[in-house]
Amino acid sequence: RKKGGASGKRAAAESDDESAGTANADFWWLSPELVQALETNQKSGKQSLLFLNRRGYANFLQCTDCGHVFRCSFCSVTLTLHLKRRDLRCHHCDYHMPFVERCPACGASALSGMGLGTEQIESALRRIFPGARIARMDRDTTRRRGSQLTLLQQWERGEIDILIGTQMITKGHDVSGVTLVGAVLADLSLNFPDFRAAERTFQLLSQVAGRSGRGESPGRVIIQTYAADHYAIRHLIDHDYKAFFDAEIEFRRALHYPPYSRLINLRFEGPKADKVEQRAQRVARALRALTAIPRSHSKLDVLGPAPAPIYKLRNRYRWQILLKGDRVSALQQLALAARATAPDSRSVRLQIDVDPYNML
């Protein structure tokens with residue numbers, strides 16, 4: 001796999017804020033280097049891939065007069081603006097509402113889309129490169145049966161100059177004409193409330209970088225990030241998997257996270273917030289009492305309870321307790337005790353997730 005030299009890759013890991021304040025402030029998220037690289041690649045007849053793991057046009061719609069933000073009625077998240085479909089949509093439960101011109105709170109016509117999604121990137125690139133053949137691959141453009149296959153076939157035949165997409169473009173697509181990959185806001189996944197955030201970021205960006213330079217021509221990868229000094233980004237630029245592992249495993253060891261421990265996540269959910277919280281608090285007290293009794297097994301930690309990162313999902317409120325210990329058998333005993341203390345009812349349901357992969 002042919003890429004540029006290490007020094008060139010280090011230069012590519014520049015902060016997005018360096019591109020702000022340039023001549024074209026409308027496209028603050030596109031650095032001059034990336035724009036120039038896209039133009040050069042198009043003129044040379046090569047293909048380019050732009051990656052952003054956020055679909056839609058903007059992350060949320062806000063009134064700049066009163067500050068009102070459009071939120072989902074069933075989940076504790078904001079509604080994503082989809083400009084092409086003229087609606088606001090929840091990406092968790094699919095609740096949606098029509099796009100409006102005036103703020104429902106104050107009546108002002110001062111609504112502004114905040115944040116960035118693949119739809120906005122596509123729109124901007126069509127303005128910057130009016131002659132380029134541009135396409136977008138995300139869940140919005142591949143809903144119809146066969147649409148994803150059609151798009152991939154066009155991409156493989158070289159009928160698309162620039163492809164913008166989310167995570168679905170990062171795996172299993174070997175297109176020899178792709179010689180440029182750009183990752184926009186590459187550090188977004190570092191901010192997830194999960195101890196695996198750095199590992200997933202390194203893995204995801206390594207996958208998308210691997211789409212470049214798979215043919216005869218050398219490839220180039222440009223990573224745009226606010227966190228250029230983060231060890232996941234630095235070691236990604238150097239293609240140093242071992243150095244990343246060494247840094248990540250030390251972080252896991254210091255905080256006693258897997259593989260130095262095992263985890264079980266206890267998630268309580270129900271339609272009434274107070275009932276869910278009360279059940280979680282009662283179970284946590286019972287489990288702490290059990291772990292206080294001297295035993296022969298290793299030390300166990302009961303963390304929480306606390307509201308889940310997505311506190312309300314599909315009209316159900318959610319609280320979590322995280323069990324951490326060296327032996328999964330001891331953790332399973334605690335989980336069974338939690339089930340006995342709080343059996344499922346109409347008001348609260350307990351989900352037991354051993355070695356949880358998703359903490360949201």
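How do the residues of the lining of the second largest pocket divide into nonpolar, polar and charged? They divide into 2 nonpolar, 6 polar and 8 charged, where Ala, Val, Leu, Ile, Met, Phe, Trp, Tyr, Cys and Pro count as nonpolar, Asp, Glu, Lys and Arg as charged, and the others, Gly among them, as polar.

This is a predicted model, in which local features need pLDDT of at least 70 and side-chain atom pairs count only at pLDDT 80 or more, while totals for chains, interfaces and linings use all residues. Residues are numbered from 1 along each chain as its sequence is written, and side-chain values use heavy atoms, with hydrogens and water left out.

**Pockets and cavities**

Rolling a probe the size of a water molecule over the atoms shows where empty space is left. On a 1 Å grid over the protein atoms alone, a cavity is a set of points where a 1.4 Å probe fits but cannot get out, whereas a pocket is an open set with protein on both sides within 12 Å along at least five of seven lines; lining residues have an atom within 4 Å of a point. Grid points are joined across faces, edges and corners, and a volume is the space filled by probe spheres set on the points.

| Space | Volume | Lining by class |
|---|---|---|
| Largest pocket | about 1,800 Å³ | 19 nonpolar, 15 polar, 9 charged |
| Second largest pocket | about 380 Å³ | 2 nonpolar, 6 polar, 8 charged |
| Second largest cavity | about 50 Å³ | 8 nonpolar, 1 polar, 1 charged |

The largest pocket is lined by 43 residues, and those nearest its centre are Asn-53, Arg-54, His-92, Phe-192 and Leu-360. Helix 5 (197-209) and strand 12 (300-313) each supply at least two residues of this lining, helix 5 giving the largest share with 7 residues; helices (H or I, at least four residues) and strands (E, at least two) are DSSP runs, numbered from the N terminus.

The second largest pocket has a volume of about 380 Å³. Its lining has 16 residues, of which Lys-84, Arg-136, Asp-140, Thr-141 and Thr-142 are the closest to its centre. Helix 4 (147-156) is among the elements that supply at least two residues of that lining, together with helix 3 (118-128) and strand 7 (134-137), and helix 4 gives the most, with 4 residues.

The count comes to 2 cavities of 30 Å³ or more. Residues lining the second largest cavity include Leu-49, Met-137, Trp-155, His-173 and Arg-211.

**Helix packing**

Helix 8 (residues 273-291) and helix 9 (residues 328-341) pack at an angle of about 135°, with their axes 10 Å apart. Axes are lines fitted to C-alpha atoms, for helices over the stretch in contact, and angles run from 0 to 180 degrees between N-to-C directions. Helix 8 and helix 9 are therefore oblique to each other, given that angles under 35 degrees count as roughly parallel, over 145 as roughly antiparallel, 65 to 115 as roughly perpendicular and the rest as oblique. The contact (heavy atoms within 4.5 Å) involves residues including Arg-282, Ala-286 and Leu-290 of helix 8 and Leu-334 and Ala-338 of helix 9.

**Backbone details**

Most residues other than glycine have a negative phi, and most peptide bonds are trans. A cis peptide bond joins Gly-304 and Pro-305, with omega about 10°, and Pro-305 lies in strand 12. Leu-185, which is not a glycine, has a positive phi of about 50° and sits in the loop between strand 9 (178-183) and helix 5.
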